[in-house]
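Subject: Handover of a structure and notes on its contents

Dear colleague,

Please find below the structure that I am handing over to you. My notes on what was found in it follow directly after.

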Amino acid sequence: MIPGKYRSVSGRAANNVNCGLHLVIQTSSLPEKSKVEFKLNKETPSFPGRLLQHDLERNYSSRQGDHINLASSSMPSFPILQRSSEEKILYSDRLTLERQKLTVCPIIDGEEHLRLLNFQHNFITRIQNISNLQRLIFLDLYDNQIEEISGLSTLRSLRVLLLGKNRIKKISNLENLKSLDVLDLHGNQITRIENVSHLCDLRVLNLARNLLSHVDNLNGLDSLTELNLRHNQITFVRDVDNLPSLQRLFLSFNNISTFESVCCLADSSSLSDITFDGNPIAQESWYKHTILQNMMQLRQLDMKRVTEEERRMASVVAKKEEEKKRESHKQSLLKEKKRLTINNVARKWDLQQHRTPDFATNQDTKVADSPSQDPSQLHGSAVVSAFPEETGSLDSGLTSALQGLSVTDTHLVEVDGDTLSLYGSGALESLDRNWSVQTAGMVTTVSFTFIEFDEIVQVLPKLKMKFPNSLHLKFKETNLVMLQQFNALAQLRRVDQLTIDPQGNPVVNFTLWKYYVLFRLSHFSMQKINGTEVTQNDMIMAERLFGILAHVASSELPQYRLISILGDARKKQFRYLLETKGKKPGLVNEENNDSKRLVGENTNRATLNYTTREFYNERLEEIKEKKKFCKMYMEDLVKEATDINMKNEALQKLWPQMFIELVRDAVIEIRNKNSYMKLCLQQITDQK
């Protein structure tokens with residue numbers, strides 16, 4: 001017999017796989033090396049079992065009393081390993097065959113009482129020849145070349161199965177191992193967690209260094225206390241909150257980037273130790289505070305103890321983050337409501353214009369504020385001038401909230417910094433509100449969208465009064481169709497810039513429209529039109545093109561109308577003189593340019609005005625009413641004069657007889673002077 005080799009696992013826990021496992025199964029204390037008697041039978045010298053024989057001979061040939069006998073085997077495909085009676089007595093419940101260069105599991109006869117079997121660091125490709133070891137509790141096949149879990153169906157007593165650092169691609173064939181306490185599958189090629197829900201007694205599961213992209217299918221693991229998922233490709237985690245006993249979860253070095261992808265962890269009441277180091281989420285500034293705020297029961301984070309101060313700070317930061325999140329959600333909700341309402345306004349406008357609505361391409365850059373808000377609160381809001389179409393990317397909470405939004409609004413008002421935006425004709429009513437002095441003073445740009453220009457003309461006096469500092473007017477989809485409409489802008493206090501969007505304003509198709517604007521509104525000394533600087537040459541060209549037009553218009557104007565226009569100009573000049581009276585000459589000179597805008601409208605240009613269709617119709621109705629009234633009044637006068645004349649003619653006919661009767665009555669009454677006096681006195685007495 002040739003000496004054999006046996007390495008025991010005495011005095012060490014089964015956690016020699018350094019991947020976060022904490023095994024508690026230990027064996028009795030045994031000497032590290034002792035004499036082992038093997039009987040190795042093989043049929044051909046080229047069989048892989050030769051490696052085992054050679055290794056045994058090389059390591060123990062110098063020891064006395066140890067030997068091995070070779071004999072024919074009834075199963076020529078596998079080596080047969082047998083220990084001597086003495087060896088079986090000394091190490092009755094364990095067998096260690098690590099680092100023996102084994103490529104197959106040898107046949108182990110007469111060892112049905114084994115409880116621990118170690119095949120670490122070999123080249124085994126398949127689990128076999130151990131089905132007779134039904135009392136086996138601990139099986140270690142770490143660092144082999146196994147590709148499939150198999151051959152374990154009879155090992156119903158197995159509690160520890162170590163298959164780390166193999167080539168396993170799928171978790172399978174564990175149906176009968178219901179007593180399993182520790183399952184180590186780290187360092188394999190597993191892509192998903194499956195077929196483990198029946199392992200209700202499993203306490204430790206190690207799947208580190210695999211190819212997992214997500215975590216789920218963990219239901220049923222009611223006893224699991226430790227789950228190791230380090231060094232995978234995990235992006236999200238599910239079902240962990242359904243593990244009632246889980247205490248330690250290791251997720252280091254994965255691809256987790258948001259807390260939402262692991263939010264189920266917040267619902268776990270038993271989890272006390274977790275790691276996220278090596279993930280993108282761990283690089284975020286909010287990482288630690290968010291984790292601690294949502295997982296108050298944690299005692300360790302990334303292998304570091306959590307202090308009460310850290311919890312307190314996390315609570316404070318989390319509250320601030322929650323406020324920001326609520327505000328962000330509110331703004332998103334408001335923006336989406338604006339978008340929906342603007343679409344509704346645009347749809348109504350297109351129906352009015354008899355056009356086919358197409359909003360998918362032109363509404364992405366429109367933002368407005370709800371008209372129900374107080375104007376003074378609109379100012380300074382964090383509203384941007386462009387809001388992209390984001391309906392498809394909204395989260396579920398925002399989507400559900402949007403279901404309650406009213407999209408029947410037909411007008412919108414927005415104040416964004418120094419810009420007042422009006423959408424829909426109903427928005428013009430906002431000019432009647434009590435705008436705060438600060439808000440009204442800040443507005444320098446007024447934008448009109450989806451509003452008929454004729455309706456805008458009617459509120460220009462209000463605009464001048466409510467927003468005295470407005471310098472820039474924008475018109476989009478306002479039906480500006482003729483040059484005459486620009487005449488209405490002359491009644492404003494001041495206009496430095498004018499922007500006419502080609503969309504919905506056909507007037508911009510006229511080649512000379514800019515020159516007409518410069519001519520008619522020359523008293524404003526405009527600086528820009530559609531973003532282009534106005535030059536002196538532009539002003540000269542405008543005067544050459546349209547100067548004669550103003551002269552013709554004024555010469556053909558009726559005298560009473562011309563006097564009315566001159567009267568208005570004189571009133572402006574008189575007002576200017578009153579405002580500048582008593583001011584220092586220097587101040588007057590500084591304000592000279594602005595005053596020219598106020599009083600400098602040329603009389604010829606003033607004859608070029610614009611009357612809206614509605615105003616013209618109102619004037620016609622008013623004239624009709626006046627004519628009707630005058631007609632009725634004249635008819636009443638004629639009737640009254642006729643009656644008076646008829647009465648006069650009747651009086652002339654009756655007057656001679658009436659005169660005779662009056663004289664006769666007078667003579668009769670004064671014939672008896674005393675009686676007449678008594679009668680008169682009696683009448684006076686009766687009257688008193």
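The protein chain contains 16 helices and 22 strands; helices (H or I, at least four residues) and strands (E, at least two) are DSSP runs, numbered from the N terminus. This is a predicted model, in which local features need pLDDT of at least 70, side-chain atom pairs count only at pLDDT 80 or more, and totals for chains, interfaces and linings use all residues. Residues are numbered from 1 along each chain as its sequence is written, and side-chain values use heavy atoms, with hydrogens and water left out.

Of the 688 residues of the protein chain, 41% count as buried. Here buried means under 20% relative accessible area, exposed means over 50%, and partly exposed lies in between (1.4 Å probe, protein chains only). Among the contacts in the protein chain with a separation of 6 or more, 54% are between residues 24 or more positions apart; a contact means heavy atoms within 4.5 Å.

Two strands are said to pair if DSSP finds at least two bridges between them. Within this sheet, strand β4 (residues 116-118) and strand β5 (residues 138-140) run parallel and are joined by 3 bridges. Leu117 has Leu139 in β5 as its bridge partner.

Two loop residues deserve mention here. Asp143 sits in the loop between β5 and β6, and this residue has a positive phi of about 60° although it is not a glycine. Leu163 lies in the loop between β6 (160-162) and β7 (182-184). Is Leu163 buried or exposed? Leu163 is buried, since its relative accessible area is 0%. Leaving aside residues up to four places away in sequence, Leu163 touches Ile127, Leu141, Ile146, Ile149, Ile168, Asp184, Leu185, His186 and Asn188. The C-alpha atoms of Leu163 and Asn206 are separated by 9.8 Å, and these residues are 43 apart along the chain.

The annotated region

The UniProt record, an unreviewed entry, places the feature "coiled-coil region" at residues 306-339. UniProt positions are given in the numbering used here, feature names are shortened, and annotations may be inferred rather than shown by experiment. In the model, residues 306-339 are 94% helix and 0% strand, and the end C-alpha atoms of this segment are 46 Å apart.

The seven-stranded sheet

An open sheet of 7 strands has the order β16-β17-β18-β19-β20-β21-β22, again with mixed pairing. The edge strands are β16 and β22 (532-533), each pairing on one side only. Strand β16 (residues 412-416) has 4 of its 5 residues buried, so this strand is largely enclosed by the rest of the structure. β16 runs antiparallel to strand β17 (residues 419-423), and 5 bridges join the two. One of the bridge pairs is Val413 with Leu422 in β17. The hairpin of β16 and β17 has 2 residues between the strands, and Gly417 takes a positive phi near 65° in this hairpin.

On from there, β17 pairs with strand β18 (residues 445-449) in the parallel sense over 5 bridges. Ser421 has Ser447 in β18 as its bridge partner.

From β18 into helix α8

Phe450 is found in the loop between β18 and α8. This residue has a positive phi of about 60° although it is not a glycine, and Phe450 counts as buried because its relative accessibility is 5%.

Helix α8 (residues 453-466) has 14 residues and reaches 19 Å from its first C-alpha to its last, close to the 20 Å expected at 1.5 Å a residue. The expected span is 1.5 Å times one less than the number of residues. Where does the kink in α8 lie? A kink of about 50° lies at Val459, shortly before the proline Pro461; the bend at a residue is the angle between axes fitted to the seven residues ending there and the seven starting there. The buried residues of α8 are Phe453, Asp454, Ile456, Val457, Val459, Leu460 and Leu463.

Cysteines

With a disulfide taken as a pair of cysteine sulfur atoms within 2.5 Å, the count comes to 0 disulfides. Cys263 is in no disulfide, and the nearest cysteine sulfur, that of Cys264, is 6.1 Å away. Cys263 is partly exposed, with a relative accessible area of 42%, and Cys680 also counts as partly exposed, at 26% relative accessibility.

With kind regards
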